[in-house]
Amino acid sequence: MSLLFSKSNTLRKSVKITEEEFLQLRDFVYDKSGIYIDEKRKYLFESRFSRRLGQLGLTSFTDYIKFLRVDRGQELKQLFELVTTNETSFCRDTKQLESFRDNLLKEVLDRQRKTGRLELNIWSAGCSSGEEPYTLVFLLLETLKAEIARWKISITAVDLSEEMISKARTGIYTEYAFKTTPDTIRKRYFKEVEGGWELDPRIRKLVNFLPMNLNDALAVKRVPRSHIIFCRNVIIYFDDAMKRKVVQAFYDNLLPGGYLLVGHSESLHKVSQSFRPVHNAGAIAYKKEE
Ligand SMILES: C[S@@+](CC[C@H](N)C(=O)[O-])C[C@H]1O[C@@H](n2cnc3c(N)ncnc32)[C@H](O)[C@@H]1O
């Protein structure tokens, strides 16, 4: 055993994982979540799971894998907390967001106005602690201003991590969440409270947060049909088969003329031919043709 720092930065003993145990745990994680842990990131299991094994009184990964197989789902939730990477912040990737606001959002809103149906459905898939869907509310407020009162807006935000969903619902954030955020946004929508910054409850109420596994085809089908889907910095954790499955589900969910936005390091090249890539001011989005 060696000493290391965990996801929560506390010093503790690391339990070594054998090759056989790594393969079994990797396949288990993949089967349940679609998250694929590459051989090169084997250390991740040792660094993230050692404390959990200690809490359960287990001394080897073999015992932990056996425990996962007999447990009826509770440990699976803990496992999801340990295998997910929840990095996010408000207004992350400003260039992409500005391009979205000035082009695609405008186009979708104009199309809705023409049909006389002032309705807009947005899905943030892999929303982590809520910074992404709340950022989308800020963009809508900036764009629609007083007109927003006449719109029926539904924002569904889902994540595998129940801890992140619970944090998102609480709406209290520390300094870290604002590392990509203009000060004007913080001043406009947040109030300083003990332990951080609290989001205006009127904005909090506009987002419907749900724990959801994107690997669960039935759950995904229950999300309302969307005009816009944001799934940024999520599919990088999946292998090609899972990427294809999830992107196909997004295609099925999108309304004709709708857009899928992925992270700037992600692409649908080799994943789906169904969408039309649309380039605007250095940002790519994927359109479902009308
Ligand atoms: C790096 S964060 C990205 C957050 C946000 N979209 C952004 O770009 O700032 C990735 C999120 O995807 C979630 N995730 C990973 N696999 C998932 C799955 N199978 N179903 C739902 N969410 C998943 C993780 O829990 C994590 O919160």
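Me: Which residues is Ile122 in contact with, leaving aside its neighbours within four places in sequence?
Reply: Leaving those neighbours aside, Ile122 is in contact with Leu136, Ile155, Ser226, His227 and Ile228. Keep in mind as we go that this is a predicted model.

Me: Is Ile122 buried or exposed?
Reply: Ile122 counts as buried, because 24 C-beta neighbours lie inside 10 Å. The cut-off for buried is 20 or more.

Me: And where does Ile122 lie?
Reply: In strand S3, which covers residues 119-125.

Me: How far apart are Ile122 and Thr156, in sequence and in space?
Reply: They are 34 residues apart in sequence, and their C-alpha atoms are 6.3 Å apart in space.

Me: Ok, Ser226, His227 and Ile228 were on that contact list. Which strand covers those numbers?
Reply: That is strand S9, residues 226-231. S3 and S9 pair in the parallel sense, over three bridges. If you want a spot to look at, Ser124 stands opposite Phe230 in S9.

Me: How many of the residues of S9 are buried?
Reply: Six of the six, so S9 is largely enclosed by the rest of the structure.

Me: What does S9 do with S10?
Reply: S9 and S10 (residues 254-262) pair in the parallel sense too, over five bridges. Two pairs to find on screen: Ser226 has Leu254 in S10 as its bridge partner, and Cys231 has Val262.

Me: Let's zoom out to the sheet. What's the strand order?
Reply: The order is S8-S4-S3-S9-S10-S12-S11. That is an open sheet of seven strands with mixed pairing.

Me: Which strands are at the edges?
Reply: S8 (207-211) and S11 (276-280) are the edge strands, and each of them pairs on one side only. From one strand to the next, the twist averages 20°.

Me: You said mixed pairing. Which strands run antiparallel to S12?
Reply: S10 does, joined to S12 by two bridges. S11 also runs antiparallel to S12, with five bridges joining them.

Me: What stands opposite Lys287 in S12?
Reply: Tyr259 stands opposite Lys287, and Arg276 stands opposite Lys287 as well.

Me: How many residues sit between S11 and S12 in their hairpin?
Reply: Two residues. Ala281 is in that turn, and it has a positive phi of about 45°.

Me: Changing topic: which strands does helix H5 lie across?
Reply: H5 (residues 94-115) lies across S3, S9, S10, S11 and S12. It runs at about 30° to S12.

Me: Now the loop between S10 and S11. Is Val271 buried or exposed there?
Reply: Val271 lies in that loop, and it counts as buried because 20 C-beta neighbours lie inside 10 Å.

Me: What is Val271 in contact with?
Reply: Leaving aside neighbours within four places in sequence, Val271 is in contact with Asp240, Lys243, Arg244 and Val247. The C-alpha atoms of Val271 and Ala241 are 8.4 Å apart, although 30 residues separate them along the chain.

Me: Helices next! How do the axes of H1 and H4 cross?
Reply: H1 (residues 19-33) and H4 (residues 74-83) cross at roughly 100°, and their axes come within 11 Å. The two helices are therefore roughly perpendicular to each other.

Me: Which residues meet there?
Reply: From H1 there are Val29, Lys32 and Ser33, and from H4 there are Leu76, Leu79, Phe80 and Val83. Together they divide into five nonpolar, one polar and one charged.

Me: Last bit, the whole chain. How many helices and strands are there?
Reply: The protein chain has 11 helices and 12 strands. Its C-alpha trace spans about 65 × 50 × 35 Å along the principal axes.

Me: Why does the radius of gyration agree with a compact globule?
Reply: Because a compact globule of 290 residues would have a radius of gyration near 19 Å, and this chain has 20 Å.

Me: And what share of the residues is buried?
Reply: Of the 290 residues, 34% count as buried. As for contacts between residues at least 6 apart in sequence, 76% join residues at least 24 apart.

Terms used. Residues are numbered from 1 along each chain as its sequence is written. This is a predicted model: local features need pLDDT of at least 70, side-chain atom pairs count only at pLDDT 80 or more; totals for chains, interfaces and linings use all residues. Axes are lines fitted to C-alpha atoms, for helices over the stretch in contact, and angles run from 0 to 180 degrees between N-to-C directions. Helices (H or I, at least four residues) and strands (E, at least two) are DSSP runs, numbered from the N terminus. Angles under 35 degrees count as roughly parallel, over 145 as roughly antiparallel, 65 to 115 as roughly perpendicular and the rest as oblique. Two residues are in contact if their C-beta atoms, placed from the backbone, lie within 7 Å. Ala, Val, Leu, Ile, Met, Phe, Trp, Tyr, Cys and Pro count as nonpolar, Asp, Glu, Lys and Arg as charged, and the others, Gly among them, as polar. The radius of gyration is taken over C-alpha atoms; the globule rule is 2.2 Å times the number of residues to the power 0.38. A residue is buried if 20 or more other C-beta atoms lie within 10 Å of its own, exposed if 12 or fewer, and partly exposed in between; C-beta atoms are placed from the backbone. Two strands pair if DSSP finds at least two bridges between them.
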